[in-house]
Amino acid sequence: MIGKNLKNVLVVSIGFLSLFTAYGGLQSLQSSLNAEEGMGVISLSVIYAAIIVSSMFLPHILIKNLGCKWTIVASMACYVTYSFGNLYPGWATLIPTSAILGLGGSPLWSAKCTYLTISGNRQAEKEGKKSEDIINLYFGIFFFIFQSSAVWGNLMSSLIFGQNTEIVEIPEEQLKYCGAALCEEDFIQGANTTRPPQNLINTLLGCYIGVGVLAIIIVAVFLDNIDRDMAREFRGNRTPFCGTFLATFKLLRDKRLVMLIPLTMYSGFEQSFLSGEYTKNYITCALGIHNVGFAMICFGAVNSVCSFAFGRLARYTGRIALFALAAVTNLGCIIALLLWSPHPDQLPVFYVFPALWGMADAVWQTQTNALYGVLFPDHKEAAFANYRMWESLGFVIAFAYSTFLCLSIKLYILLSMLIVTMITYLLVEFHHHKYPVASTTYALDAAAEKQTEPSAAAEVIKQSKV
């Protein structure tokens, strides 16, 4: 019989699977579907800019007051509004709904990470195992289920857009503008970027809205409220807003978090490249928008399987070996994409790159999330809020320069970020090996602690143990 903690992990995973079946599919299509004046990519920039703002104060406030479960439910509702905004795409609809989604983004992911970390710690204590191993396993299970959302969301888009009877063959003279060989500003808009009929778009968005609402229902009905008592106690003893607002930034006093910033930002860079650049400059350009979904299915399928595999494999190989595998894989892909001139006759190659990218992304997602949980067990909300903030900054920067930099320059930027990421990550691992502090609280505010009364200090220690 499935244990209570594992059941909750599965409920969270299935809820996220349903929600991101909609959002992931829309994100992959934005640079092609709403290409006019770069509106789609700009809407994505607004999403991640809003996530940065919300990361500063919302996760800590919502999680402490509502608990993880209801924070997830409320944040999921924010995501559904974006699908409604795409029904009538325009600056007046996409930008506000993008901002709403972004405000819910950081609380959603912080609450999810906090929930999985609490569940992992409780299960490890119950089984007498290392918390690190159980947390890794739970994040692996989550990403195994969650990353398959790319399969279902993109399958929907490709099957629905594939019904378009107006698809025409791409002229040979337009193919030279695909890939990194020529600058994007020389790209000629043609039949391959033609927007699908509105009735097909509305059908797709109707499906996305439906699965988004289903996600909310699943979590609201089936997920246990495991931190209800802590939330109730917090509401009864409210802390000043200033302290809550600064909780995310106080953790930056920990140099381990500062050294993790490049790794976290790179996660945003590499995801935005695949969803914003590869889909537009390789898939849509050379094959047509109706093939975007099929290519992203390869990414989602490989990502899902590898997330589960790496979550279990990490206990035998350690994190460093997996991060090295991801870095080498991304490095090879970046170099190949710089040299490759895409052509429809090379159809299998279009699917190989997303598959390899999915394998690497499985490491970046599962191991980075788990690493935050291991390094900052007593400051989970603030740690994961920082994770979303810095990852979102990577998204914002990448989407911001998407409309005016050449693709080759974007690839060189990605390559540079990868190199910096691996250097700083290895420094974090060295520090963690030399000063293992996974089970102790980091003194982030020594002055405040000195003024803490004995009874209050005892309560802090009690909550840390919980």
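This is a predicted model: local features need pLDDT of at least 70, side-chain atom pairs count only at pLDDT 80 or more; totals for chains, interfaces and linings use all residues.

Trainee: OK, and which helix is Thr424 found in?

Mentor: Thr424 belongs to helix α16, which covers residues 407-434.

Trainee: Is Thr424 buried or exposed?

Mentor: Buried. Its relative accessibility is 15%, and the cut-off for buried is under 20%, so Thr424 counts as buried.

Trainee: What does the polar part of the Thr424 side chain sit by?

Mentor: A polar atom of that side chain lies 3.1 Å from the backbone oxygen of Thr421.

Trainee: Switching topic: how do α12 and α14 cross?

Mentor: Helix α12 (residues 292-317) and helix α14 (residues 347-375) have axes that come within 7 Å and cross at roughly 35 degrees. The crossing is right-handed.

Trainee: Which residues meet there?

Mentor: Quite a list! From α12 they include Phe294, Phe299 and Phe310, and from α14 they include Tyr351, Trp357 and Met359. By class, the contact has 16 nonpolar, six polar and one charged residues.

Trainee: And why is α14 said to be largely enclosed?

Mentor: Because 23 of its 29 residues are buried, α14 is largely enclosed by the rest of the structure.

Trainee: What about its length, how far apart are the end C-alpha atoms of α14?

Mentor: They are 43 Å apart. At 1.5 Å a residue, the 29 residues of α14 should span 42 Å, so the two values agree.

Key: Residues are numbered from 1 along each chain as its sequence is written. Side-chain values use heavy atoms; hydrogens and water are left out. Axes are lines fitted to C-alpha atoms, for helices over the stretch in contact, and angles run from 0 to 180 degrees between N-to-C directions. Helices (H or I, at least four residues) and strands (E, at least two) are DSSP runs, numbered from the N terminus. A crossing is left-handed if the near helix is turned anticlockwise from the far one by less than a right angle, and right-handed if clockwise. Contact means heavy atoms within 4.5 Å. Ala, Val, Leu, Ile, Met, Phe, Trp, Tyr, Cys and Pro count as nonpolar, Asp, Glu, Lys and Arg as charged, and the others, Gly among them, as polar. The expected span of a helix is 1.5 Å times one less than its number of residues. Buried means under 20% relative accessible area, exposed over 50%, partly exposed in between (1.4 Å probe, protein chains only). A polar contact is a pair of N or O atoms within 3.5 Å; within protein, one must be able to donate a hydrogen and the other to accept it, and residues adjacent in sequence count only if both atoms are side-chain atoms.
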